[in-house]
Amino acid sequence: MSDAQFNYQQLTPDTLLNALESVGIRPESGLLALNSYENRVYQFQDEERRRLVTKFYRPQRWSDEQILEEHQFALDLEDADIPVAAPMQLNGTTLFNYDGYRFAVFPSVGGRSFEVDNWDQLEMVGRFLGRIHQVGTSNPFIHRPTLGLEEYVLQPRRELENSTFIPMHLENSFFSDLDRLIGVLTSQWNNQWPSIRLHGDCHPSNILWRDGPMFVDLDDARNGPAIQDIWMLLNGDRGDRLAQLDTIAEAYSEFHDFPHQQLQLIEPLRGLRMVHYMAWLAKRWQDPAFPRAFPWFAEAKYWENQVLAFKEQLAALEEPVLSLTPQW
């Protein structure tokens, strides 16, 4: 069965329970499905009254080696006293296999939403990002990918061209503007930036807050420029983003050199994410969870808005780069 067609139909409650029992964990409560689309994630309480989470990985997405690299990165961060959701080691490993499904078990890490407009919280997140990148710089991923044009725009462009989602009356304008965007992204991107291990998807929803930040979901961890873990925390008008960036940079610099030269990658990275996201939804559409969660994706209005979004992003790519005065 292809990855695009896979929809977890064989992942029944009995399969979940049997898988957990195969590694010595016996749930005492029901399995509560948590918000996840790429994988299947469940919270439960075991017989020792521990609150745990299990993640069943989407088959055919990552290799065992790639998942284990994600786990090792989380464990490296945990060893450095960085608050991160790291997998539990059971019987000498963190990755398990049952009936064709690979899964891991994590301690449950609750918390409220991170408030990106809270300056104290933003400062603390910046400080921990500096520490995360200090660990990430130590050695690169060997098996996980490096963020770049092929994965984020060229493959997605082919995926969209072969899909049936784009209304016929929009095809010409959609692909014309998409190709213009890809052309500008290509001209502004190069592979010469220092590449480190990244969280990879460090948007505010992947940061929980208790007495401080808790970084979760390293499923998209990969090599790439450090600014990838920073730009998604910026929002609002240019003045707002500069103020947020200044707060992050000052705190980040306590532990790691802030990547000032990479600020020019912020808008190209936003463009990459825009194209990748559309193709990701198209590729996963055969999974029933996606039409339920994203019904607007199959509507003409969505694609009309994407044509407008391409034009807006092309304009953003022409604007002056956000810049800060380096702190010496």
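Predicted model: local features only at pLDDT ≥ 70, side-chain atom pairs only at ≥ 80, totals over all residues.
Residues are numbered from 1 along each chain as its sequence is written, and side-chain values use heavy atoms, leaving out hydrogens and water.

Asp46 sits in the loop between S2 and S3; strands are DSSP runs of E with at least two residues, helices runs of H or I with at least four, numbered from the N terminus. Its neighbours in contact (heavy atoms within 4.5 Å) include Ile25, Pro27 and Leu52, setting aside residues up to four places away in sequence.

As for the sheet, 5 strands line up as S1-S2-S3-S5-S4, open and with antiparallel pairing; strands count as paired if DSSP finds at least two bridges between them. At the edges are S1 (32-33) and S4 (96-98), each pairing on one side only. S1 is joined to S2 (residues 40-45) by 2 bridges, and Leu32 has Gln43 as its bridge partner in S2.

Elsewhere, helix H7 (residues 266-283) has 18 residues, which at 1.5 Å a residue should span 26 Å, and the 26 Å between its end C-alpha atoms agrees; the expected span is 1.5 Å times one less than the number of residues. H7 is mostly covered, with 13 of its 18 residues buried.

Methods:
Buried < 20%, exposed > 50% of the residue type's maximum accessible area, 1.4 Å probe, protein only.
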